[in-house]
Amino acid sequence: MNRNMIIRLVIDLSMTVLMLVAMAYQITGNAMHELAGVILCLLFITHNILNRRWYRTIFKGKHNVRRILSIVVNLLFLVSMAVVMISSMTISRDMIPFIPIKNDTVLLQIHVMTSYWGFIFMAVHIGMSWATIINSVRKMTGITGTNRIRTITFRVMAVLIVVYGVQASFERGMLNKLTIYNPFGWESYDSSMKFLLDHLAIMGIYISGTHYILKFVQKPTGFKERNIEKNENLQNKEVH
């Protein structure tokens, strides 16, 4: 694995961790929430700078289902994070307390809603690159070839994660958090571990769903499959 890929994986992993930390508002408190948010935004900007070539290729070449979905998800992720960053500056109490906003309830609603949409788009984004991530992990660990038992085990684990994630989504009111009707969005949790497990499982829904839906939509064979896989690997090195 080359150095650029390692840097991208580290940045993406750090963004995922910081997104979870920022969402654990009632656990971490406001100061930690804002600090995690600032670092997350800086990493997000860095991520987009490293992948700036992708924006120049949006309207070039052929646009199959996977590429169209990638463009839509990445742009929505970009918009949601931009709204999160802008709204955070107006409601900040610790990092940027000098911007006077008297009635910030609407801005808080927008901030919370777009934060959760960003969380969903991030999970879908990871799901679209899951095959590349797995291949990178295999190279790092020296795992080669396929193993039927290992494959079945991971698929059973994926199903269990999705089932738990669906239950957690209902328990945590994710639908309300994704709409403007949820005024504050954050609530108390039983423990930090439960918060982490719930939100990792919710991410698992969208990561697994995106990964397997794309595999189902695109089922090339033979020489065509090898060419598409090669092109996807090259795009994933440049794309988010």
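## Confidence in the predicted model

Across the protein, the pLDDT (the predictor's confidence in each residue, from 0 to 100) averages 82, and 83% of the residues score at least 70. Over residues 221–226, however, the pLDDT is below 50, and beyond near neighbours in sequence this stretch has 1 contact in the model, where contact means heavy atoms within 4.5 Å. Where pLDDT is low, the predicted coordinates should not be read in detail.

This is a predicted model, in which local features need a pLDDT of at least 70 and side-chain atom pairs count only at pLDDT 80 or more, while totals for chains, interfaces and linings use all residues. Residues are numbered from 1 along each chain as its sequence is written, and side-chain values use heavy atoms, with hydrogens and water left out.

## Overall make-up

The secondary structure comes to 11 helices and 0 strands, where helices (H or I, at least four residues) and strands (E, at least two) are DSSP runs numbered from the N terminus. Of the 240 residues of the protein, 39% count as buried; buried means under 20% relative accessible area, exposed means over 50%, and partly exposed lies in between, with a 1.4 Å probe and protein chains only.

The protein exposes about 14,500 Å², of which carbon and sulfur atoms supply 68%, the accessible areas coming from the Shrake-Rupley method with a 1.4 Å probe and, for residues, only the protein chains shown counting as cover. Among contacts between residues at least 6 apart in sequence, 79% join residues at least 24 apart.

## The nonpolar core

A nonpolar core is a set of buried Ala, Val, Leu, Ile, Met, Phe, Trp, Tyr and Cys residues joined through side-chain atoms within 4.5 Å. The largest one here has 37 residues, and those with the most contacts inside it are M19, F119, M122 and M203. At least two residues of this core come from each of α1 (3–23), α3 (30–50), α5 (65–91), α6 (105–128) and α10 (192–217), and α6 gives the most, with 11 residues.

Leaving out residues up to four places away in sequence, M122 touches M15, T16, M19, F77 and M203. S80 has its place in helix α5 and counts as buried because its relative accessibility is 5%. Apart from neighbours within four places in sequence, S80 is in contact with T114, G118 and F121.

Helix α7 (residues 130–141) has 12 residues and reaches 16 Å from its first C-alpha to its last, close to the 16 Å expected at 1.5 Å a residue, the expected span being 1.5 Å times one less than the number of residues. Just after α7, G142 takes a positive phi of about 80°.

The 24 residues of helix α8 (residues 148–171) should span 34 Å at 1.5 Å a residue, and its end C-alpha atoms are 35 Å apart, which agrees. The buried residues of α8 are A158, G165, A168 and S169, and they pack against α9 and α10. Just after α8, G173 takes a positive phi of about 60°.

## The loop around T179

T179 lies in the loop between α9 (174–177) and α10, and it counts as partly exposed because its relative accessibility is 24%. A polar atom of the T179 side chain lies 3.0 Å from the backbone oxygen of N176. Although T179 and Y116 are 63 residues apart along the chain, their C-alpha atoms are separated by 9.4 Å.

How values were computed
A polar contact is a pair of N or O atoms within 3.5 Å; within protein, one must be able to donate a hydrogen and the other to accept it, and residues adjacent in sequence count only if both atoms are side-chain atoms.
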